[in-house]
Amino acid sequence: MLSKEQRQKRIQDIIARDSISTQSELVERLRAEGVQVTQATVSRDINELRLVRLPIGKGRHRYALAQVAGHSDVEEELGRLFQNFVRDVDRGENILVIRTADGHATGVALLLDRLRRDDIVGTIAGEDTIFLVARTTGEGEALMEELNALMLG
């Protein structure tokens, strides 16, 4: 039986060499390599590894490791993702709700986290929704304006 670290390394190897678009495909591939795993475990691994789903054309996607280097790269990539995949940004006090196209919330949240801004306490991402917690209500309002501007380009 593999340790969590070994299993996650195996997942990274698989997505680096093969086009994997769903969690169930990844479970099947791991099982074919003799790794007994549940879809729930793979889902947790995907979140912990902060894998992103990249478009590969014709409405298809594949999992990949997020490739982002410096702060300016993060901002540039975040702008691209907001323009392509973010559908709406709403706010209630200091909590922002960011709606994305299916499968893109984790990738957007990863980049928001990598900004390492003092006005962002943290994010939680699902399949198509991100909760972003701003430090204060005023900072939440300013963030909403900034993110809406990113979305519009």
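**Exercise 1. State how many residues separate E5 and E6 in their hairpin, and describe the pairing of the two strands.**

Step 1. Three residues lie between E5 and E6, which form a hairpin. Helices (H or I, at least four residues) and strands (E, at least two) are DSSP runs, numbered from the N terminus.

Step 2. The model is predicted: local features need pLDDT of at least 70, side-chain atom pairs count only at pLDDT 80 or more, and totals for chains, interfaces and linings use all residues. Residues are numbered from 1 along each chain as its sequence is written, and side-chain values use heavy atoms, with hydrogens and water left out.

Step 3. The pairing of E5 with E6 is antiparallel and has five bridges; two strands pair if DSSP finds at least two bridges between them.

**Exercise 2. Give the strand order of the open sheet and identify the strands at its edges.**

Step 1. The order of the four strands is E3-E4-E6-E5, and the pairing is antiparallel.

Step 2. E3 (86-92) and E5 (120-125) are the edge strands; each has a single partner strand, so one side of each has no neighbour in the sheet.

Step 3. From one strand to the next, the twist averages 20°.

Step 4. E4 (residues 95-100) and E6 (residues 129-134) run antiparallel and are joined by five bridges. Val97 has Phe131 in E6 as its bridge partner, and Arg99 has Thr129 in E6.

Step 5. Helix H5 (residues 105-114) packs on the sheet and touches E3, E4, E5 and E6, with its direction at about 165° to that of E5. Helix H6 (residues 137-152) also packs on the sheet, touching E3, E4, E5 and E6, and its direction makes about 165° with that of E3.

**Exercise 3. Describe the surroundings of Thr100. Is the residue buried or exposed?**

Step 1. Thr100 is found in strand E4.

Step 2. Its relative accessible area is 6%, so Thr100 is buried (buried means under 20% relative accessible area, exposed over 50%, partly exposed in between; 1.4 Å probe, protein chains only).

Step 3. Leaving aside neighbours within four places in sequence, the residues in contact with Thr100 include Phe85, Val86, Val108, Asp128 and Ile130 (contact means heavy atoms within 4.5 Å).

Step 4. Ala105 is also in contact with Thr100. A polar atom of the Thr100 side chain lies 3.2 Å from the backbone nitrogen of Ala105.

**Exercise 4. Locate Glu93 and Arg116, and give the phi value of each.**

Step 1. Glu93 is in the loop between E3 and E4. Its phi is near 55°, a positive value in a residue other than glycine. Glu93 is exposed, with a relative accessible area of 54%.

Step 2. Arg116 is in the loop between H5 and E5. Phi of Arg116 is near 50°, again positive in a residue other than glycine. The relative accessible area of Arg116 is 69%, so this residue is exposed.

**Exercise 5. Determine the angle at which H1 and H3 pack, and list the residues that meet.**

Step 1. H1 (residues 4-17) and H3 (residues 39-49) pack at an angle of about 80°, and their axes are 11 Å apart. Axes are lines fitted to C-alpha atoms, for helices over the stretch in contact, and angles run from 0 to 180 degrees between N-to-C directions.

Step 2. H1 is therefore roughly perpendicular to H3 (angles of 65 to 115 degrees count as roughly perpendicular, under 35 as roughly parallel, over 145 as roughly antiparallel and the rest as oblique).

Step 3. From H1, Lys4, Arg7, Gln8, Ile11 and Gln12 meet Thr41, Asp45, Glu48 and Leu49 in H3.

Definitions and conventions
A polar contact is a pair of N or O atoms within 3.5 Å; within protein, one must be able to donate a hydrogen and the other to accept it, and residues adjacent in sequence count only if both atoms are side-chain atoms.
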